[in-house]
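Here's a quick tour for anyone meeting this structure for the first time. Have a look at it, then read on.

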Amino acid sequence: MALAFDEFGRPFIILREQEKKSRLRGLDAQKSNIASAKAVARILRTSLGPKGMDKMLQSPDGDVTITNDGATILEQMDVDNQIAKLMVELSRSQDYEIGDGTTGVVVMAGALLEQAEKLLERGIHPIRVAEGYEMASRIAFDHLERISTKFEFSADNIEPLVRTCMTTLSSKIVNRCKRALAEIAVKAVLAVADLERKDVNLDLIKVEGKVGGKLEDTELIYGIVVDKDMSHPQMPKRIEDAKIAILTCPFEPPKPKTKHKVDIDTVEKFQTLREQEQKYFDEMVQKCKDVGATLVICQWGFDDEANHLLMHRNLPAVRWVGGVELELIAIATGGRIVPRFQELSPEKLGKAGLVREKSFGTTKDRMLYIEKCANSRAVTIFIRGDSFNETIRCGTGNKMMIEETKRSLHDALCVARNLIRNNSIVYGGGSAEIACSIAVETAADRHPGVEQYAIRSFADALDAVPLALSENSGLSPIDTLTAVKAQQVKDNNPHCGIDCNDVGTNDMKEQNVFETLIGKQQQILLATQVVKMILKIDDVISPSEY
Ligand code: ADP
Ligand code: MG
């Protein structure tokens, strides 16, 4: 229906013919929706786990991304089916809330829908299925709590934290350096963490990357790294005990705007104007020096003449620094951002023990390191590119590696943060899912109603994660799963999982494969919610294609 106006301004209503719309109702709608969601889950299934495959995605403008991260794969995929978009949202919310487990959550939702389809075909009403799933998810949720363990760590004993981050990284392309990267992630999180309030502000951790060097050269800097250099090559490369003026106002004489008119018709007039401009800038520099600044960081630029003058007056400066960086610098150095030049005063200066410009090898690249800041609670992880991956050794390989390393580190940082917030863990490798599956299966017997079918199906769906893990590791899925499940029941040990890396034991406790409890619980909750939502849609009306 649309409202339109004729040439005299009178409104009239256009009714589009209903037959032109495509419409799916009842079971057809549910089946079609389930099929779309399953298609998305199938794509991610092969990416799950330490032996999971990576995806190569090409954006419309030709940029190539290689990634193993579920949220990123879905984000970059161009889906235009509405239900498929829900799965994208699902992965995104897991990413937002937890940071890790973005692939697993979609695989789980796909499996739940696959089971639901079978139930619908057997004539069970979607609402019954949804209710059964809800009950089952609560059972699984509580069971996770029961099999979880607290694990202790402190600022001096970070080994357990490092281990957990290593599990997260082991399924990523960067797993060759997982130890080093996990240590960096944990140290970074601890540096900004508020252990008393059990909170971590991840915004204080900046992740920077630069092509070149090796992945092993990735380092943690207790300070800020800015991808800028001193405005003049002859300015000092190293400033100790720097007092930094952080300016978001122009650092140059006011330029005549288009509205003003300056008539310069004689050489003298030009000379005076030039002298005045120079004097004006000279005063600005003097003002900076008077308040005690030894370094100026500006959001805007200044021209070459000003640059030259700054060099002469021995006031190092950095220009064209982005707003986000400026804010971080201000937080780290305890300085204030100065938006109007007149407001510059000594107490607004930021303080840093050392500011240095670092150049990389023979390249022209330089970066500015701001270290030993007054407020040391801002750190930077500086990733170096790597060309170890033969398949992507082409020119852009390094850049793609850096991007993927950033995403993998994000997962590791989130895991460390989650553990600081809540230090309960469950074991990975599908062991927690198998344990829940057994618990849910047993609970189904206690429900006399139709829901018991849905609850049993939920238990079957939980097996999807260990099945996918073993399939991706080249094991025979059904055989492996039944063996592990039998072992869990026999030994009453919820730590048996899939031995993906062929270590020789499938006790995940021995293998040190953890995941956070809240991450796993969130996966189950989110997957169930989305599945319930999809099951409750029984009428799909979409505009017809013209
Ligand atoms: P997600 O995006 O869901 O985190 P991953 O590709 O990171 O997906 O895979 C996570 C799954 O892999 C989890 O179920 C985790 O327990 C499992 N996993 C990770 N490392 C190992 C390992 N070394 N052995 C067995 N399973 C592992
Ligand atoms: Mg992961």
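Predicted model: local features only at pLDDT ≥ 70, side-chain atom pairs only at ≥ 80, totals over all residues.

Residues are numbered from 1 along each chain as its sequence is written, and side-chain values use heavy atoms, with hydrogens and water left out.

**Overall layout**
- The chain splits into domain 1 (21-150 + 426-543) and domain 2 (226-375), with bounds from an automatic or database domain assignment.
- Between the C-alpha centres of domain 1 and domain 2 there are 54 Å.

**Helix H10**
- Helices here are DSSP runs (H or I, at least four residues), strands are too (E, at least two), and both are numbered from the N terminus.
- H10 covers residues 323-333, and its buried residues include Leu326, Ile329 and Ala330.
- Buried means under 20% relative accessible area, exposed over 50%, and partly exposed in between (1.4 Å probe, protein chains only).

**Asp303**
- You'll find Asp303 in the loop between strand E13 (295-298) and helix H9 (304-312).
- Asp303 counts as partly exposed because its relative accessibility is 33%.
- Setting aside neighbours within four places in sequence, Asp303 is in contact (heavy atoms within 4.5 Å) with Glu252, Lys255 and Arg319.

**Ser91**
- Ser91 sits in helix H3 (residues 82-97).
- With a relative accessible area of 0%, Ser91 is buried.

Technical notes: Chains lettered and ligands numbered in written order.
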